[in-house]
Protein chains: 2
Amino acid sequence: VFERLTIIGVGLIGGSLARAARRAGVCREIVGIGRDEKQLQKGIELGVIDRYSTDIAAGVADAECVVVAVPLGAMHSVFQQLKGKLPEAALLTDVGSAKGSVVEDLRAVFGEIPTGFVPGHPIAGTEQSGVEASFAELFEQRRVILTPLPESGSEAVDKVRALWESTGAEVVEMEVAHHDEILAATSHLPHLLAYALVDALARGEQGEEIFRYAAGGFRDFSRIASSHPVMWRDISLANRDAILTMLKRFSDDLDELARAIKEGDGDRLLEIFSRAKAARDRYCE
Amino acid sequence: VFERLTIIGVGLIGGSLARAARRAGVCREIVGIGRDEKQLQKGIELGVIDRYSTDIAAGVADAECVVVAVPLGAMHSVFQQLKGKLPEAALLTDVGSAKGSVVEDLRAVFGEIPTGFVPGHPIAGTEQSGVEASFAELFEQRRVILTPLPESGSEAVDKVRALWESTGAEVVEMEVAHHDEILAATSHLPHLLAYALVDALARGEQGEEIFRYAAGGFRDFSRIASSHPVMWRDISLANRDAILTMLKRFSDDLDELARAIKEGDGDRLLEIFSRAKAARDRYCE
C-alpha cells in the first residue's frame, strides 16, 4: 500500500500501529518522528521503526503517509511544524481521541484542510504508555473511527482505511460531532468518573485505610483512573462541549438516584438498577 | 469447630461459605434453610449442603451456629422467624453489606442483642448469584469484617472469626458505623455510579449504537452494573446515610471537575488526574 509510513509520536498507539503495519506488510519502511531521542532509539532497538528524526520538517520531507499520534494538546504545535513541509501528495491522518479539536487545530494552522487529510481514532489502548508498551495486536477486532471531512479526497479515505484494516481493526466512518458525542459518553465520562471517585476517596479522612477494603468491583471500576493524566487533561479540554453535556446528563441521573435513596423509594431504585443491568448484559458481553 | 453449621440463604455467599467450611473440615454437618426448595435441592445435588428445611423455626431447632446470608431487605423477616426459635446457646452471624441496618433490625425484633450475635461482612462476591455460582475459593485472601457489638460475647467473636479464617479469609474487626462508611465509599458508591452511567447511556438518543463503541475501559468500569438489582436496592436503602454522604462528596468533586473543564483550567485537571492515578497505582495493584 505504501512505500513509506511516517509516524509522529512513537508511543503506545503510534508504536503499535507501526508494529501492526509491518506485520501486515503494508509498507516497506517505517519512519518515526519524535522529540525524545531515547524513545526513538528504543523504537529502533525493538524493531518498531526503521529510522527516525527528531525534526518534523526533515522527517516528513519524503513522507507518503503521515500519522500524527501525539497527545491532543500537542497537535497544534505539530501542525505548525508540518505546515509548508508536508509533501503536497502526502496523506495525513491522526489518532486523537477527540476529532473536532484536531480539525480546528489543523484548519487554524493550515488555513484550509488538505485533501489528503482524514481524521481518525482507533478505539483501543491500555493504561500503559510509551513504545515499550506497544504491540502489534492492539487494534485487532477493535474499531477505528474515521471522520472524513468534505475536503477529504476519496482516495485518501480509502488508503487510510486500508492502513487500519491491515491491523485487524474494523473501520467505520461517521461525522466529527457524532464521534465526539459518542466518545464523551463511552470513554471520556467514565474516565472522569473514575478519576473523581479515586480522588474523592484518597482525599477523605480514612485515606489509605479505605483502599484496603476495596474489592474486585472497585478495582475494575477504577482501573481507568491509572490512565495517563496528561492525555486525559488534553482530552477533557479538547472535547469540552460534548463532555460537559454528558457530565450534566449524568449528574442529573445521579441526583435522581440520591433523591430515590433519600426518600426510601425502593421501586424507583429497582427500576433504574434493573434497566442498567439489562442494558449492560445485552450490549457488553 | 462446629458439629453443625446452619445457613439461612444458600446463594452465592451462603453456598460458598458452606463449600469452604466443608473443605476446611470445620463442621460435620451443613444445614441449608431457604424459601426456594429448588435451590435447596440443587444445593444438595451439588454437595453444598447435607440437608435442608424451608421452615426457619424447624431448621434452626438444633442449630449451633446460624449464618444469615439473605439480602438486606429480608433480614427483618428472617429475624422475626428466628425469634424464640434460635437455641439460647447458638451463635448468630450474618453477611450483610451494611451493618447498621442489620443491627437495627435485630434489635427491633429481638428487643435486645443476644450475646451470641456477631455481625459480619465478607468483602467478596461476583456479579453472579445463586447456589450454582458458589465456589469454595470465593473468600480466599479476601477480607471479612466483623463488627462485634458491646453485647457480643468474646467466645462468640472467636468462633465466628475461626469460621471465616477457615475459608482462607483475613478477618478484621471494626465498629459498625466505620464499616458502613468504608463500604459506602469503596463499594456502594462505585456501584451506584456504574448503574447511573449505564442507565444514562442506555436512555440517551444514541441508544444501542453507543454501546458498540464502548471499549475495554468502559467494560471494566461498568461491569458492576451487572450486579443483582434487588441486592443493590436493599443496600442503597440499608446504608442510606453513609451513601448519601459519599454521594454528596463525590458530586462536589465532579462539579469541580466540570468547572475546571468549563474554564479550560488544564493545571487543575492535571493535578486531580495525577493525584488519582498516584493513589490508584499505590493502593490497588
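Predicted model: local features only at pLDDT ≥ 70, side-chain atom pairs only at ≥ 80, totals over all residues.
Strands of a sheet pair through backbone hydrogen bonds, either parallel or antiparallel. In chain A, six strands build an open sheet with parallel pairing, and their order is E3-E2-E1-E4-E5-E6. At the edges stand strand E3 (51-53) and strand E6 (117-118) of chain A, each of which pairs on one side only. Within the sheet, strand E1 (residues 2-8) and strand E4 (residues 65-68) of chain A are joined in the parallel sense by four bridges; Leu5(A), for instance, has Cys65(A) in E4(A) as its bridge partner. Helix H2 (residues 37-45) of chain A lies across strand E2 (27-33) and E3 of chain A, and its direction is at about 170° to E3(A).

Two copies of a chain are related by a rotation about an axis and a shift along it. Here, a rotation of 180° with 0.0 Å of shift along its axis places chain A on chain B, with an RMSD of 0.0 Å. This is the relation of a two-fold axis. The same surface serves both copies, since 100% of the contact residues of chain A recur in chain B.

The contact draws 85 residues from chain A and 85 residues from chain B. Together the two chains bury about 8,000 Å², of which 68% lies on carbon and sulfur atoms. Between chain A and chain B there are also four salt bridges. In the salt bridge of Arg203(A) with Asp253(B), the closest N and O atoms are 2.8 Å apart. On the side of chain A that touches chain B, H7(A) provides the largest share, 19 residues.

Terms used:
Residues numbered from 1 in each chain as written. Chains lettered and ligands numbered in written order. Heavy atoms only, no water. Least-squares fit on C-alpha atoms with pLDDT ≥ 70 in both. Contact = heavy atoms within 4.5 Å. Pairing = 2+ DSSP bridges. Helix = DSSP H or I, 4+ residues; strand = E, 2+ residues; numbered from the N terminus. Axes fitted to C-alpha atoms, helices over the stretch in contact; angles between N-to-C directions. Buried area = accessible area lost by both parts, 1.4 Å probe. Salt bridge = Lys/Arg side-chain N within 4 Å of Asp/Glu carboxyl O.
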